[in-house]
Amino acid sequence: MNILAFETSCDETSVAIVRDGRELLANEVLSQNDLHALYGGVVPEIASRSHLEAIAPLTAKALSGVPGGIDAVAATAAPGLIGALLVGLNFAKGYAMAKNLPLIPVHHIRGHIAAIYLAEPEIKPPFLAAIVSGGNTQFIEVLDYTDMRVAGGTRDDAAGEAFDKGARLLGLGYPGGAALSRLAEPGDDAKYRFPVADIEGAPFDTSFSGVKTALRNLVHHAKQLYGDDWAESLDLPSVAASYQKAIISALSGKLCAAADALGYDTVVLAGGVAANRRLCTELRSKLGNRIHIPPVFLCGDNAAMIASQAFYEFLKGARAPLSQNAYATFDVAIPLCQS
Ligand code: KG4
């Protein structure tokens, strides 16, 4: 079964075709990073308009390389920027209506989890998944392909957001996660102290607002003392390394504790922050062959993961009416449409 899927929840326009949830036939991804870099973050209206321009040409490109027909259409319907989601979902509806195909709405986080199905043909639930991206940080028990339970996650900022805001404070541009981790490479990660949050009564929850505030205070203090020369007063690679270490310690500490306490032999990492090599190395050293990480191109936002998850939602009976709406927030454990 070939599923054509659309992902437009934030600042990547992506169109993909996947066979039977596991075989990637096409995956077109257009990043809007350059458009938003000017503003230091995603501008929702620019994101929506850019999806609108890109989605039809990307669809033509994805379809052109794939022999055989399309059997169903899927789109990310939640969570995300509402105007951005509406572009992909509405395009999917138009395609489904014109070709008389079933429409499958997909939760973005469920899609991130499904990236591992494309990378590892043998893997299947149950497992514990950590979705760590610019907009989300959640630990999810994947009991079955469409049966999820949230085990923990952040109480405030997402881990990727902490990387991006940290990078912005250090003048590294947007999105700065990769730049911050490159700056950190030669640094001493024990030179500066940043807090790692623990939340009473919620051992698998974390928080990244404190570490971000600590960095803001450090930079402001340096600016007050040294004005324009503030950057020279700090050992910036070591600041970045120490900051990164605090984020990674929180993520890996909570994830490993959850895996052990909940009894999972298989743990999956996905989302854009899975591109961080230090995080992957630390999880591999703590979890050994229990940890599974998709390749970087499947970790960032893409429609292939949406098509993969759509296949399993379809098998469970998910069929959306053409009145299906999009939602800025939506619980990952609740089905987006009733079968
Ligand atoms: O999943 P994704 O593509 O989309 C969003 O949910 O936004 O994740 C993007 C996030 C951004 O916050 C970006 O800074 C972060 O992933 N990221 C990284 C690295 N590469 C991307 N964070 C830390 N280290 C990296 N190497």
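Which residue forms a salt bridge with Glu 45? The partner is Arg 49, and the closest N and O atoms of the two are 2.7 Å apart. A salt bridge here is a side-chain nitrogen of Lys or Arg within 4 Å of a carboxyl oxygen of Asp or Glu. The model is predicted, so local features need pLDDT of at least 70 and side-chain atom pairs count only at pLDDT 80 or more, while totals for chains, interfaces and linings use all residues. Residues are numbered from 1 along each chain as its sequence is written, and side-chain values use heavy atoms, with hydrogens and water left out.

A search of the whole structure gives 14 salt bridges. Glu 45 and Arg 49 are four residues apart in helix 2 (residues 44-64), which means that about one helical turn separates them. Helices (H or I, at least four residues) and strands (E, at least two) are DSSP runs, numbered from the N terminus. Arg 49 counts as exposed, with 51% relative accessibility; buried means under 20% relative accessible area, exposed over 50%, and partly exposed in between (1.4 Å probe, protein chains only).

Helix 5 (residues 159-169) holds another pair, Lys 165 and Glu 161, four residues apart, about one turn of the helix. Their side chains meet in a salt bridge with an N to O distance of 2.8 Å. Lys 165 is partly exposed at 33% relative accessibility, and Glu 161 is partly exposed at 23%.

Glu 185 and Arg 277 also form a salt bridge, at 3.3 Å from N to O. This pair links distant parts of the chain, 92 residues apart: Glu 185 is in the loop between helix 6 (177-184) and strand 9 (205-206), and Arg 277 is in helix 10 (residues 277-287). Glu 185 is exposed at 53% relative accessible area, and Arg 277 is exposed at 61%.

Cysteines come next. The search of the whole structure finds zero disulfides, a disulfide being a pair of cysteine sulfur atoms within 2.5 Å. For Cys 299, the nearest cysteine sulfur belongs to Cys 280 and is 7.3 Å away, so Cys 299 is in no disulfide. Cys 299 is buried, with a relative accessible area of 1%. Cys 337 counts as buried too, at 12% relative accessibility.

Attention now turns to the ligand. It is surrounded by 18 residues, the closest being Ser 133, Asp 164, Gly 177, Gly 272 and Asn 276; a residue is near a molecule if one of its heavy atoms lies within 4 Å of it. Helix 5 and helix 6 each provide at least two residues of this shell. By type, the shell residues divide into five nonpolar, eleven polar and two charged. In this grouping Ala, Val, Leu, Ile, Met, Phe, Trp, Tyr, Cys and Pro count as nonpolar, Asp, Glu, Lys and Arg as charged, and the others, Gly among them, as polar.

A polar backbone atom of Gly 160 is 3.2 Å from an oxygen atom of the ligand, and a polar backbone atom of Gly 177 is 3.1 Å from a ligand oxygen atom. At Asn 276, a polar side-chain atom lies 3.0 Å from a nitrogen atom of the ligand. The protein covers 86% of the 550 Å² of accessible area that the ligand has on its own; accessible areas come from the Shrake-Rupley method with a 1.4 Å probe.

The peptide bond from Ala 78 to Pro 79 is cis, with omega near -20°, and Pro 79 sits in the loop between strand 4 (72-78) and helix 3 (82-99). Tyr 174 and Pro 175 are also joined by a cis peptide bond, with omega about -15°. Pro 175 belongs to the loop between helix 5 and helix 6.

Positive phi values in residues other than glycine are found at Asp 20, with phi near 50°, and at Asn 100, with phi of about 55°. Asp 20 is in the loop between strand 2 and strand 3 (23-31) and is partly exposed, at 36% relative accessible area. Asn 100 lies in the loop between helix 3 and strand 5 (103-107) and is exposed, at 70%.

Note on methods
Polar contact = N/O pair within 3.5 Å; in protein donor to acceptor, adjacent residues only side chain to side chain.
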